Amino acid sequence: MPNFFLDNSDIQFLFDHVDLEELARIQEAGAENGDADYVPLDEADAVDDYRGILGIVGQVAAETIAPSAERVDAEGNTLNEDGTVTLHPLVRENLKQLAQADLTGFTLPRNYGGLNCPNLIYTMATEIISRADGSMMNLFGLQGIAETINAFAGKEIKDEVLPRFARGEVTGAMVLTEPDAGSDLQAVRLRAYQDGGGNWFLSGVKRFITNGCGDILLTMARSEPEIADGRGLSLFISERSEKVKVRHLEDKLGIHGSPTCELVYQDTPARLIGRRKLGLTTYVLSLMNGARVSIAAQSLGIAESAYRLARTYAHTRQQFGGPIERLPAVAEMVTDMQIAIEAARALTYETSRVCDRQNNNLRMLQAIPEADGDEKMRRTKLRIQHKRLAGMLTPMSKYYTSEMCVRVAGTAVQVLGGSGYMKDYAAQRHLRDARITTIYEGTSQLQIVAAVRGVTSGVFKTYCEQLEENQHNDPLLAELKEKLVACKEQVLEAVAFLKGKGTAYLDLSGRQIVDAAIVVIVGHLLLGQGATNDRKKRVARRLIESQLPVLHMNCQHVLSGDTSPLDEYDLLAEPVPANE
Amino acid sequence: MVGFVPYRSIVCVKQVPDTANVTAEAMKEDGTVNRAALPTVFNPEDLHALEAALELRDAHGGMVTALSMGPPKAADVLRECLYRGADRGILITDRRAAASDTLATSYILSQAIRKIGDYDFVFCGRQAIDGDTAQVGPQCAEKLGITQVTYLERIVDVSDGVVRIRRNIGLGWELVEASLPVLVTVLETANRPRPRAAKRMIRFKRARVRSELAGEFRKQMAEAKAEPEMPGAPFGQIAEWFDESGLLIDQWSLEEIGADLARCGLPGSPTKVHRIQAIVLTKEGYTQVAASNEGIRRLVHELVVDRTLG
Ligand SMILES: Cc1cc2nc3c(=O)[nH]c(=O)nc-3n(C[C@H](O)[C@H](O)[C@H](O)COP(=O)(O)OP(=O)(O)OC[C@H]3O[C@@H](n4cnc5c(N)ncnc54)[C@H](O)[C@@H]3O)c2cc1C
């Protein structure tokens, strides 16, 4: 019986390496269980449940989702004349199995029928599903909608909608993007207005909406026409109805199983989530933070799948009298792919763990009685720390892992040579699926903008110092750690230089400085893994030794102060082509 | 709901050696199977039988009871049934049932089914991967004196005590009608078994048959001896707690199902394995037969001569 959880030695390793009992402890403290009869007895029992749950995910992924991926990619979903969408039958079957397996309320509290899993376990699950079919993750991953409702909606809406999500009866969509509001979400125009009775309605157009044909739409709309920026936006919930139609189903490069819709709202009844004006600034930012970790997980899964294909091919394909994996160039491609995946996984899982601490602290903070001032103070302090760290690590993970995914998927095609270019092999599908990961949920460029703040504001420094507290007895690990400490200094030197240079140069150098900072962080995380595992020591060594020169290069690049892409744009870019 | 009739189903499931993952230790020196060295699995076609029963319950309501015969460890397959949605599990476990052939097994199962009593459907997998006989299901039906429909592919509909079933007959299918109760054997192509439901797994991972509980209790007692401070509840109290929590899987002995011991285990099994021979089929050329009456006549003649027919 194939199982994508059990057959993945790195996920297995991390499952044991991360202190899941500690995670379970904070996740279960004060959990809202209602009268659920599936509550763990203690932390160890909860971890045993996580293992069991991921085992189910691994089985559904391997036995049901993976075998359907090729057909789903070839055939896609269908837009009907009446503005509804029919999902591919195999996509529907996959959704049915996920619902039957109780995997559709993954992180929701038990009183709503959820599994109350920590984000880290959800991240692992998302990766496993994505390995089976990158596009299936988009539907699985939209559980973030339910999470957002749980975090911000009133009790009435929660009671009404969340159990339906948990039972797998409904799927949702996160409806933000418009033709003129992509990266710049402050420009959202879709109108929200009230009738005399205070009921809300939505009118306007949204595009590029994943599963816009779903049952529950979380829509960001302008409720305050007099406020032009993000503070004029609120978040609304509405049910699929005649009043919101799919006008167009996008014909995409990849993730064909995931329907991407253009939506037309015509006086669509809606209900306000939380408070007015907090739509973008609070709710959507939170929703997107979770979704960014999910896309990192999707990237891991697609890369893992591409890698496995390339690894097998390199072993079996014979040229020059032996398997191509014996050729140095191929050996390097293969090992670097695997190490890149492990490095990105280390960062993503660590981010997820930090998010868990953040979410649970916030939950506890809200439950503290007014009287307990000390505890409130302590948790408020923690909240600020978590927020700053998650605010840096989340965009770093999304950026680093999605870029890794595109690179690994490209390399996999290269390892397969001409076969990789043919539709007969899945390598081309992985490459097409991979390509979206650096674009949606905020492009890589936007992730960098967000991450750079953390690198320049002291979060990076503080976090590194914390990572440096790990003492390594092993001489190799100790030596590598010293190198990382020196690297951090180099990054901080470049940061100091940047600070004197103004925002345009900061934006221009964002990629270099963030790349350099990530190498230091990932290096430390891998050293931590190496402390308990000999192979991981070698992985850490290879990653650090191969990336240090790149880090030096990036820091030097920053220190060069070269602004020609800005100053000499017209000259270097040449005029806009006349007939494009 | 109008016309809502809940059906009571029994599914026979078996734990079998995993013949797909056989290792070198799988065979003993004397050529017999070394069961201890083989990993065990849920007999694949029984999963489809379970799914057929669960789908029937999804559509009409009712109750699904999973029934197995085997050592206490076979409770694994009953837990698996509970994870996937079965309402109840029953294990017939008794040393005197060991070495039962299909005749004895079907006798024991039919006795248990009688004891369960009211039922409309008995679902069996077509065959088990260890024996490959496909006999137990049909023999059970005979002993129970109920209709049997083998090779079920789909339950088309069921109403007024009559079920219509589409069964696979190799190169095609036929639609049959049977009055309830009925025993069916289910093919792999009938459905796609649902996965475990996470919440049920979390709940029922603790479900045990009495023998398992006793084993765990003994182990704990031994450990407790080393650590005398450890408090321990008496066994009866533990078993009661499991029962009250719905976590006690029924365990029946041969006496409890009123079985005649002479018809069980070795004494009740007339099958004697005389010799095991590995046969490799090889193809030696072919003959083309003209599509005429004469051609067909010659073909039939040839098949009769080499005893393929008749
Ligand atoms: C398949 C698919 C599914 C999607 N699903 C959803 C969904 O479910 N819900 C939803 O709301 N949206 C969805 N989107 C929209 C997606 O989030 C946007 O496409 C994305 O945010 C980029 O916006 P844009 O396409 O308008 O590009 P633009 O914003 O026009 O960006 C074009 C280029 O400019 C760069 N750029 C823009 N601003 C900056 C900046 N400040 N600094 C540096 N570079 C910048 C970008 O990085 C990019 O390279 C989906 C898109 C796709 C393709």
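This is a predicted model: local features need pLDDT of at least 70, side-chain atom pairs count only at pLDDT 80 or more; totals for chains, interfaces and linings use all residues.
## Aromatic pairs in chain A

A pair of aromatic rings is described by two quantities, the distance of the centres and the angle of the planes. Over all chains of this model, the count comes to 13 aromatic pairs. One of them is formed by A:Phe106 and A:Tyr122, whose ring centres are 5.6 Å apart and whose planes make an angle of 40°, an arrangement that is called tilted. This pair links distant parts of the chain, since A:Phe106 belongs to the loop between α4 (89–100) and α5 (119–132) of chain A, while A:Tyr122 belongs to helix α5 of chain A, 16 residues apart.

Both partners count as buried, but each has its own value: A:Phe106 has a relative accessible area of 0%, and A:Tyr122 has a relative accessibility of 3%.

## An aromatic pair in chain B

In chain B, the rings of B:Phe217 and B:Phe235 have their centres 5.3 Å apart, and their planes stand at 55°, so this pair is tilted. Here, too, distant parts of the chain are linked, with B:Phe217 in helix α6 (residues 210–226) and B:Phe235 in helix α7 (residues 235–244) of chain B, 18 residues apart. B:Phe217 has a relative accessible area of 17%, and because buried means under 20%, B:Phe217 is counted as buried.

## Charges over rings

In chain B, B:Arg166 lies over the face of B:Trp173, and the distance to the ring centre is 4.2 Å.

## Where chains A and B meet

The contact between the two chains takes 21 residues from chain A and 15 residues from chain B. The area buried between chain A and chain B is about 1700 Å², and carbon and sulfur atoms give 55% of this area.

B:Lys205, for example, forms a salt bridge with A:Asp45, and their closest N and O atoms are 2.7 Å apart. The count of residue pairs in polar contact between chain A and chain B is eleven. On the side of chain A that touches chain B, the elements that give two or more residues are α3 (43–75) and α4 of chain A, and the largest share, ten residues, comes from α3(A).

Key:
Residues are numbered from 1 along each chain as its sequence is written. Chains are lettered from A and ligands numbered from 1 in the order in which they are written. Side-chain values use heavy atoms; hydrogens and water are left out. Rings of Phe, Tyr and Trp (its six-membered ring) pair if their centres lie within 6.5 Å; planes under 30 degrees apart count as stacked, over 60 as edge-to-face and the rest as tilted. Helices (H or I, at least four residues) and strands (E, at least two) are DSSP runs, numbered from the N terminus. Buried means under 20% relative accessible area, exposed over 50%, partly exposed in between (1.4 Å probe, protein chains only). A charge sits over a ring if NZ of Lys or CZ of Arg is within 6 Å of the ring centre and within 35 degrees of the ring normal. Contact means heavy atoms within 4.5 Å. Buried area is the accessible area (1.4 Å probe) that two parts lose on being put together, summed over both. A salt bridge is a side-chain nitrogen of Lys or Arg within 4 Å of a carboxyl oxygen of Asp or Glu. A polar contact is a pair of N or O atoms within 3.5 Å; within protein, one must be able to donate a hydrogen and the other to accept it, and residues adjacent in sequence count only if both atoms are side-chain atoms.
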